[in-house]
Amino acid sequence: MAAALYTGRARLKTLLLDRAGFGGGQLMNTELIEDYPAIKSITGLAMAQAQEEQIKEFGVEITWGNTIKLEARGNRRRGDDR
């Protein structure tokens with residue numbers, strides 16, 4: 001979600017893929033967070049929801065499901081064989 005936030009803020013077309021159905025990762029398993037800068041305390045679920053809301057404000061698209069294959073097309077740099 002942090003990477004999606006930064007690319008969204010840079011106005012890059014960004015797609016966040018998540019197989020779990022909610023982009024919280026380890027946050028979803030964290031009952032209480034009390035050591036995050038500028039936040040006194042927050043549940044993992046509340047933090048994940050706030051992050052999702054923020055990245056959507058920057059135009060990030062979120063898709064839920066399993067990724068089977070990724071294929072690079074267009075916008076490749078010259079000499080980039082990957």
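A nonpolar surface patch here is a group of Val, Leu, Ile, Met, Phe, Trp or Tyr side chains joined within 5 Å, each residue having over 30% relative accessible area and no salt bridge. Keep in mind that this is a predicted model. With that said, let's start clicking.

**Stop 1: the patch.** Select Leu15, Leu17 and Leu70, and show their surface: these leucines make a nonpolar patch of about 310 Å². Now zoom in on Leu17, which sits in strand β1, residues 15-18. Is Leu17 buried, partly exposed or exposed? Its relative accessible area is 41%, so Leu17 counts as partly exposed.

**Stop 2: helix α1.** Next, pick residues 2-9, which form α1. Color Ala4, Leu5 and Gly8, the buried residues of this helix. Look down the axis of α1: these buried residues fall within an arc of 105°, so they line one face of the helix. What do they pack against? Bring up β1 and α2, and you have the packing partners of the buried residues of α1.

Stop 3: Go back to Ile62 and ask which residues it is in contact with, leaving aside neighbours within four places in sequence. Show Leu16, Glu52, Ile55 and Lys56 to see those contacts.

Stop 4: Some background before the next clicks: most residues other than glycine have a negative phi. Follow the chain out of α1 to Arg11, where phi is positive, near 65°. Arg11 belongs to the loop between α1 and β1. With a relative accessible area of 77%, the Arg11 residue is exposed.

For the other case, jump to Ala38, in the loop between β1 and α2, the helix spanning 44-57. What is phi at Ala38? The angle is near 70°, again a positive value in a residue other than glycine. Is Ala38 buried or exposed? Its relative accessible area of 88% puts Ala38 among the exposed residues, whereas Ala4, back in α1, is buried.

Definitions and conventions
Residues numbered from 1 in each chain as written. Predicted model: local features only at pLDDT ≥ 70, side-chain atom pairs only at ≥ 80, totals over all residues. Heavy atoms only, no water. Patch = residues over 30% accessible without salt bridge, like charges linked within 9 Å, V, L, I, M, F, W, Y side chains within 5 Å. Areas by Shrake-Rupley, 256 points an atom, 1.4 Å probe, with all protein chains shown as cover. Salt bridge = Lys/Arg side-chain N within 4 Å of Asp/Glu carboxyl O. Helix = DSSP H or I, 4+ residues; strand = E, 2+ residues; numbered from the N terminus. Buried < 20%, exposed > 50% of the residue type's maximum accessible area, 1.4 Å probe, protein only. Contact = heavy atoms within 4.5 Å. Arc of directions from axis to C-beta.
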